Amino acid sequence: MSVSTLGVHESVGEVFPVSVFRDALADADPSVRVVDGDPSGCDALVTFAYEEQFLDAGLDWIHSIQAGVDRFPFDDLADRGVALTNSTGIHGDVVGETAVGMMLAFARRLHVHRSNQERGEWRKPAWDDAFSLRRESACVVGLGTLGRGIATRASALGMDVTGVKRTPTPVDGVDRVRPPEDLHEAVANAGFVVLAVPLNPDTEGMISATELAAMREDAYLINVARGPVVDQAALVDALESGAIAGAGLDVFETEPLPADSPLWDREDVIVTPHAAGMNDEYYERVATIVRENLRRLAAGESLTNQVV
Ligand code: NDP
Ligand code: 7N6
């Protein structure tokens, strides 16, 4: 595969300005072209969105600026010989900070204070509402870039951390690693259950009414993975019945979260607009992966971060 024209799909503008990313690749060998729709004429495409017209545009390689590539049709790409790479490896610090930020907000009641501030109300929490993360526990499901970023930060705050992944080998900052078969037990023992797995047929609905019922009544669910990893209707039920204490949600079954969702109005829910990974260095982090893969292709090496 050789890349003489690299397309940058306008959809990257969801995360950073197209022009800033194009300038970051100004020193790359291929000519860089901003693509508005049909990428025909490009050998490779950097994109946020997936569009069906990418399939028959003659591309050799598509790079997703997201780690999660669940919306791409792996089989169709493989059939046409189109390589797909993703952007895993770049979100550990920022998503780690967001997930731990949500835990800190719940423990220190910052979300409640902020709501009170908007109403101009000076109201202290009940004596036993606020607690310290130092004596709390987290169950982090998925221990890749995100999970490790979350686990190391939770551990640094003194939390006891259990991790869940299919290959349950030891991980820094994680006190014990369990296989998915132990998910029920792991979520049942945690003050915070944090989801950091890719969305695929194995993980869709991984947190259902059963897992929510297994959680402690004073526990919080944090989802920075993908909405469909959680059965959202069951989550709303669990919140309404008091089966769990609250939820910090960056991702949803439908995005943007519809205006009539009951999640918007709940004081025990923190909603963020799929923004846990946003940061001012995002374009440069993606550019570094793309540059490395251009170098590899020129050297006849295999791509890094290849999914298909
Ligand atoms: P990684 O590939 O680095 O990590 C995935 C982890 O999930 C691995 O530890 C893997 O371990 C584990 N895993 C996979 N399948 C299962 C399973 N069935 N049960 C338990 N563990 C499993 O990905 P990232 O950490 O970079 O990203 C993870 C996901 O988070 C992305 O796919 C994306 O959907 C989402 N994301 C969201 C962001 C946001 O802004 N909210 C930002 C970045 C990512 P093993 O293979 O051993 O099971
Ligand atoms: C853009 C979101 C991913 O999978 O969804 C995230 O990488 C990124 C900030």
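This is a predicted model: local features need pLDDT of at least 70, side-chain atom pairs count only at pLDDT 80 or more; totals for chains, interfaces and linings use all residues.
Residues are numbered from 1 along each chain as its sequence is written, chains are lettered from A and ligands numbered from 1 in the order in which they are written, and side-chain values use heavy atoms, with hydrogens and water left out.

**Two asparagines**

N86 is buried, with a relative accessible area of 9%; buried means under 20% relative accessible area, exposed over 50%, and partly exposed in between (1.4 Å probe, protein chains only). A polar atom of the N86 side chain lies 3.0 Å from the backbone oxygen of A67, and a polar atom of that side chain is also 3.3 Å from the backbone nitrogen of T88. N223 has its place in strand β10 (residues 220-223) and is likewise buried, at a relative accessible area of 1%. A polar atom of the N223 side chain lies 2.9 Å from the backbone nitrogen of A225.

The residues around ligand 2 are V15, Q66, A67, G68, H91, R226, H274, G277, M278 and Y282, a residue being near a molecule if one of its heavy atoms lies within 4 Å of it. By class, this shell has four nonpolar, five polar and one charged residues. An oxygen atom of ligand 2 lies 2.9 Å from a polar side-chain atom of Q66, and one is 2.6 Å from a polar backbone atom of A67. For H91, an N or O atom of the side chain is 3.2 Å from an oxygen atom of ligand 2. The protein covers 91% of the 290 Å² of accessible area that ligand 2 has on its own, with areas coming from the Shrake-Rupley method and a 1.4 Å probe.

**Salt bridges**

The structure holds 18 salt bridges, each being a side-chain nitrogen of Lys or Arg within 4 Å of a carboxyl oxygen of Asp or Glu. The table lists some of them.

| Pair | N to O distance |
|---|---|
| R123 and E121 | 2.7 Å |
| D160 and R176 | 2.9 Å |
| E301 and R295 | 3.1 Å |

D160 is partly exposed at 30% relative accessibility, and R176 is partly exposed at 28%. In another pair, R123 is exposed, with a relative accessible area of 51%, whereas E121 counts as partly exposed at 30%. E301 is partly exposed at 37%, and R295 is partly exposed at 40%. Salt bridges that share partners join R119, E121, R123 and E267 into one network.

**The annotated span**

In an unreviewed entry, UniProt lists residues 41-307 as "domain: D-isomer specific 2-hydroxyacid dehydrogenase catalytic"; such annotations may be inferred rather than shown by experiment. In the model, the end C-alpha atoms of residues 41-307 lie 23 Å apart, and the span is 31% helix and 15% strand.

Notes: Helices (H or I, at least four residues) and strands (E, at least two) are DSSP runs, numbered from the N terminus. A polar contact is a pair of N or O atoms within 3.5 Å; within protein, one must be able to donate a hydrogen and the other to accept it, and residues adjacent in sequence count only if both atoms are side-chain atoms. Ala, Val, Leu, Ile, Met, Phe, Trp, Tyr, Cys and Pro count as nonpolar, Asp, Glu, Lys and Arg as charged, and the others, Gly among them, as polar.
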